[in-house]
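Okay, thanks for making the time, everyone.

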Amino acid sequence: MNERRFTEILLAWYDRYGRSDLPWRQTDDPYRIWVSEIILQQTRVKQGTDYYLRFMERFPCVKALAEATEDEVLRLWQGLGYYSRARNLHAAAKAIAKRGTFPTTYDEVRALRGVGDYTAAAICSFAYGMPHAVVDGNVYRVIARYFGVDCPIDTTAGKKLFAEMARRLLDESRPAACNSAIMDFGALVCTPSSPVCRQCPLSGTCVAWAAQSVGRLPVKSKRTPVTRRYIAYYLLHDRNRLLLRRRSGPDIWRGLYEPPAAEYDHPPTEAEMLDSLHTIAPSSQVLLTDTPIRMQHDLTHRRLILAFYKVHCTTLPHLVDFLSVEICDLNDYALPKPILQAAQKFGFLT
């Protein structure tokens with residue numbers, strides 16, 4: 001099948017089955033489209049929709065977002081992960097507000113903090129109708145399987161090849177619909193696992209389907225090893241107040257709040273974690289009031305092995321950089337997702 005016919009079939013499929021009802025597809029406002037694209041990076045549509053709606057309610061325009069504090073933005077982002085997205089979004093909003101208008105060219109949009117080639121192409125095609133093809137994981141998968149492309153997608157040559165193929169497949173008279181079509185097709189039909197090939201309107205001419213190589217494509221040249229970090233958190237409280245600090249530096253969760261912690265370069269024993277607790281709060285009368293909570297939290301290329309202790313203190317210790325936060329005000333502080341979950345399980349939050 002030629003490339004034009006491929007695109008025609010995708011557009012016909014999208015017109016019938018595409019997710020045109022998504023809220024960010026009901027507007028050509030570049031601000032709203034930009035926010036949706038940043039939220040949807042590394043996020044499933046179902047989860048991202050709720051965050052998008054809350055963001056639009058609280059920050060209906062770029063000026064409102066620019067004038068917010070970073071703490072406020074991070075609180076609204078709480079639980080979504082990849083918090084650098086929120087910090088970049090906030091910084092870019094300030095730059096746009098200072099400029100006075102949202103950028104209107106591809107290069108200007110691409111220059112915004114946190115915006116890469118894919119996001120710039122999405123904004124420009126959806127907001128301005130510009131003929132820029134998006135290339136995300138769904139696009140890689142559909143093109144690799146249909147055309148039988150085994151060039152690794154994580155190499156310079158592979159990225160260049162797929163970008164050029166996506167450009168050729170784009171119907172420049174309907175760039176927004178064309179981009180939405182191939183992304184939705186990858187999300188709903190040509191999925192990473194268990195694709196519905198037997199119902200696929202392209203299966204008759206799909207190279208991977210004919211060669212029974214659907215599960216092998218797309219190809220990656222290498223896998224980044226997953227590193228493990230072992231952290232024990234101590235939720236020190238006196239029934240009314242809890243100790244928290246705001247994370248700084250380049251590490252994960254910068255700008256979010258966390259309780260006192262001890263990190264280990266090996267799987268710690270219970271005795272080691274209790275020793276760390278008494279080092280943190282040596283002069284306070286402490287009592288472990290609940291069974292420790294243990295959980296695993298996976299990030300890109302990192303696995304966090306976490307233990308949480310609920311510790312009642314007769315008197316809260318004075319720790320450098322830590323705030324004594326009223327438990328009733330805890331919702332005002334943005335917490336990383338696993339810490340938020342532990343606080344809920346321990347009854348600090350409902």
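Let me start with a question: is Asp321 buried or exposed? It's exposed, with a relative accessible area of 62%. For those words, buried means under 20% relative accessible area, exposed means over 50%, and partly exposed is in between, with a 1.4 Å probe and protein chains only.

Some ground rules before I go on. This is a predicted model, so local features need pLDDT of at least 70 and side-chain atom pairs count only at pLDDT 80 or more, while totals for chains, interfaces and linings use all residues. Residues are numbered from 1 along each chain as its sequence is written, and side-chain values use heavy atoms, with hydrogens and water left out.

Back to Asp321. You'll find Asp321 in the loop between strand 7 (302–313) and strand 8 (323–326). Helices (H or I, at least four residues) and strands (E, at least two) are DSSP runs, numbered from the N terminus. Asp321 isn't a glycine, yet its phi is positive, about 75°.

Gln42 is another non-glycine residue with a positive phi, near 60°. Gln42 sits in the loop between helix 2 (30–40) and helix 3 (45–58), and it counts as exposed because its relative accessibility is 61%.

One more backbone item: the peptide bond from Leu217 to Pro218 is cis, with omega near 0°. Pro218 belongs to the loop between helix 12 (207–211) and strand 1 (227–237).

Now helix 6, residues 84–99. Helix 6 has 16 residues and spans 22 Å from first C-alpha to last, close to the 22 Å expected at 1.5 Å a residue. That expected span is 1.5 Å times one less than the number of residues. Which residues of helix 6 are buried? They are Arg85, Ala86, Arg87, Asn88, Leu89, His90, Ala92, Ala93 and Ile96. The cover over those buried residues includes helix 2, helix 3, helix 4 (62–67) and helix 5 (70–77).

Next, the holes. Everything here is on a 1 Å grid over the protein atoms alone: a cavity is a set of points where a 1.4 Å probe fits but cannot get out, and a pocket is an open set with protein on both sides within 12 Å along at least five of seven lines; lining residues have an atom within 4 Å of a point. Points are joined across faces, edges and corners, and a volume is the space filled by probe spheres set on the points.

How many cavities of 30 Å³ or more are there? The count is 3. The largest cavity has a volume of about 120 Å³. It has 15 lining residues, and Phe185, Cys190, Cys197, Cys200 and Cys206 are the closest to its centre. Helix 9 (residues 137–147) gives the largest share of that lining, 3 residues. By class, the lining of the largest cavity has 13 nonpolar, 1 polar and 1 charged residues. Here Ala, Val, Leu, Ile, Met, Phe, Trp, Tyr, Cys and Pro count as nonpolar, Asp, Glu, Lys and Arg as charged, and the others, Gly among them, as polar.

The second largest cavity holds about 90 Å³. Among the residues lining it are Phe6, Leu10, Val139, Leu169 and Ile182. Helix 1 (3–17), helix 10 (156–169) and helix 11 (175–188) each give two or more residues to that lining. Its classes come out as 10 nonpolar, 2 polar and no charged residues.

Of its 13 lining residues, Tyr106, Asp117, Ala133, Val135 and Ala163 lie nearest the centre. The lining of this pocket has 9 nonpolar, 1 polar and 3 charged residues.

Last stop, Asn138 in helix 9. Asn138 counts as buried because its relative accessibility is 17%. Its side chain makes a polar contact with the side chain of Arg141, at 2.4 Å. A polar contact is a pair of N or O atoms within 3.5 Å; within protein, one must be able to donate a hydrogen and the other to accept it, and residues adjacent in sequence count only if both atoms are side-chain atoms. Not counting residues up to four places away in sequence, Asn138 touches Ile182, Met183, Gly186 and Ala187, where contact means heavy atoms within 4.5 Å.
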